[in-house]
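Hello,

Here is the structure for you to look through. My notes on charges and contacts follow below.

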Amino acid sequence: MYTAKGQLDRTALIKQYQPLVRRLAHHMMAKLPPSIEVDDLIQVGLIGLSEALSRYEASQGVQFETFATQRIRGAMLDELRENDWMSRGSRKSQKEIEEALRRLEHRLGRTPLESEIASELGMSLPEYQSLLSKVRGTQLVYLEDMSGSHDDDDSYLDRHVADNDADPLHMLRDQRLRQALVDAIKQLPEREQYIMSMYYEQDMNLKEIAAVLDVTESRVCQLHSQSIARLRAKMRSH
């Protein structure tokens, strides 16, 4: 889009790509605690979009949407880093859920029910579901899992919501690891399989998934968190 003077019409382009900013913000929200406001991410993302318009050069051989996506997501990540969004307590809770899942699967020889996980953690079902909402489902494979490092002081944010082109999921190129992940997903409860498919394959956000399943966004968030915990518990051995 160009103005009458042959220059890029920034206002028109920002309006055109606002839906991209909103989509990236809502998609990222599934990996963040409820204390983060999606409107804040959108505002920061619009700044990233504006910077992308200023820096983009078609001669680089990259489509503008691809270039803008990287800039928008990068701006959101920078904002989250500055605000240290995830507490150490939440990190600990995630590990406790994963450990409970591993114990139960070993003891029961099957995928444990939500109520059984709650009981293993010494919680009521509502307390466990509330915990799932707080920790949120995050990255499936962390660098620390692949390298053997377990330093809690490394960049937690980079492990959880970084650009897909840079995150450890690309290490799943190993065929055996990839097959193990496929097998683990097939063992998820049916509803959790649907959520993983809609979120990761169809790129739907929590609100859209909630509408399909006729449940609340909060419930989708809980099930997504639980799915990630189940998969991480299974994939640890790989």
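**What was found**

Of the chain's 238 residues, 44% count as buried (buried is under 20% relative accessible area, exposed over 50%, partly exposed in between; 1.4 Å probe, protein chains only). This is a predicted model: local features need pLDDT of at least 70, side-chain atom pairs count only at pLDDT 80 or more, and totals for chains, interfaces and linings use all residues. Residues are numbered from 1 along each chain as its sequence is written, and side-chain values use heavy atoms, with hydrogens and water left out.

The chain has twelve helices and zero strands (DSSP runs, numbered from the N terminus: helices are H or I, at least four residues; strands are E, at least two).

Seven salt bridges turn up in the whole structure (a side-chain nitrogen of Lys or Arg within 4 Å of a carboxyl oxygen of Asp or Glu). Among them:

- Glu105 pairs with Lys234, closest N and O atoms 3.0 Å apart. The pair links helix α4 to helix α12 (residues 217-235), 129 residues apart. Glu105 is buried at 17%. Lys234 is buried at 18%.
- Glu114 pairs with Arg219 at 2.7 Å. This pair links helix α5 to helix α12, 105 residues apart. Glu114 is buried, at 13% relative accessibility.
- Glu120 meets Arg103 at 2.8 Å, N to O. Glu120 sits in helix α5 (residues 114-120) and Arg103 in helix α4, 17 residues apart. Both are partly exposed: Glu120 at 23%, Arg103 at 37%. Arg103, Arg107 and Glu120 form a salt-bridge network.

Glu98 lies in helix α4 (residues 88-108). Glu98 is buried, at 4% relative accessible area.

Best wishes
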